[in-house]
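Dear colleague,

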Amino acid sequence: MPVSYDHKAANALEIQGVGRRFGGFWAVKDVSLTVRPGERRAVLGPNGAGKTTLFNVLTGDLVTSAGTIRMDGADVTQMPMHKRIKGGLRRTYQHAHLFNGLTVRDSLFLSVCGVAGGWQRFMPLRLNDGAVAKAETLAQLSGLSAELDREVANLSHGQRRQLEIGMALAENPKMLLLDEPAAGLSPSERPRLAELLLSLPKHITIILIEHDMDIALKTSDSVSVLHNGQLLAEGTPENIMSNEAVHKVYMGGAHGH
Ligand SMILES: Nc1ncnc2c1ncn2[C@@H]1O[C@H](COP(=O)(O)OP(=O)(O)OP(=O)(O)O)[C@@H](O)[C@H]1O
């Protein structure tokens, strides 16, 4: 996928020797990687490889046990989650964090106002005239224009994932971490998600954990493969597909959910 990077800008993400220990067990160990502004990076690896733990450390859901994390050139290693959010970081979770009783329109509206649940709960209420229009734009971006008045409870699984992404876009994030957006989607819902990922604004840096190899490789510029908490391989989707070590640990039977 052709992407024009801003070479003058600081790296969107730069991590050095990052690790996270649970007791005596290193779930993530000595991981270093660099992601450029606007890059689309997939993080692959078999179950238990440390992908979600890495995300949790990047977002500040978990503190690091070792190493440094820089975002946009700034050291955020010790920075609490809400400050990272203020700096333009957003994430989605493996299981959608949505309110079933709200409509799509209200969910997006509340996200725009900064009062939705999960991550956005830290944001102050900022009602304004543009919020309704912005909610509609987000519905369009996330492919949900026809569902604006539907209750979240009545959306398909795929539409819920779309809504979650739409909500994450509400405050113009600089970097978006998506944790298995295709998890639980039916085969017919998957191409639509891939299309949505490809259509997201190009200035947003996206890091994607995904077990669906087809979606991960199709929507990313570069891939980092984790195994046993460590970085096993890094390269273009083509490099990774032909990497023997990756085949052995990941494609050769350990393929997720
Ligand atoms: N809070 C925790 N306490 C103890 N061990 C943990 C904790 N969270 C994760 N782990 C362990 O760390 C390892 C990495 O888990 P993690 O969820 O990051 O892997 P993953 O690559 O995201 O896996 P999956 O693809 O199954 O989601 C696993 O062995 C897991 O059991």
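How much space lies in the second largest cavity? The second largest cavity holds about 30 Å³. Its lining consists of Leu13, Leu33, Val35, Arg41, Val43, Leu54, Leu58 and Ile207, and β2, β3 and α1 each give two or more residues to this lining. By class, 7 of these lining residues are nonpolar, none is polar and 1 is charged.

Please note that this is a predicted model, in which local features need pLDDT of at least 70 and side-chain atom pairs count only at pLDDT 80 or more, while totals for chains, interfaces and linings use all residues. Residues are numbered from 1 along each chain as its sequence is written, and side-chain values use heavy atoms, with hydrogens and water left out.

The terms are as follows. On a 1 Å grid over the protein atoms alone, a cavity is a set of points where a 1.4 Å probe fits but cannot get out; a pocket is an open set with protein on both sides within 12 Å along at least five of seven lines; and lining residues have an atom within 4 Å of a point. Grid points are joined across faces, edges and corners, and a volume is the space filled by probe spheres set on the points.

There are 2 cavities of 30 Å³ or more. The largest cavity has about 60 Å³ of space. Among the residues lining the largest cavity are Arg40, Arg41, Ala42, Ile206 and Leu208. β3 (40–44) and β8 (205–209) each supply at least two residues of that lining, and β3 gives the most, with 3 residues.

The largest pocket contains about 270 Å³ of space. It is lined by 16 residues, of which Ala12, Met71, Asp72, Gly87 and Lys174 are the closest to its centre.

Yours sincerely

Technical notes
Helices (H or I, at least four residues) and strands (E, at least two) are DSSP runs, numbered from the N terminus. Ala, Val, Leu, Ile, Met, Phe, Trp, Tyr, Cys and Pro count as nonpolar, Asp, Glu, Lys and Arg as charged, and the others, Gly among them, as polar.
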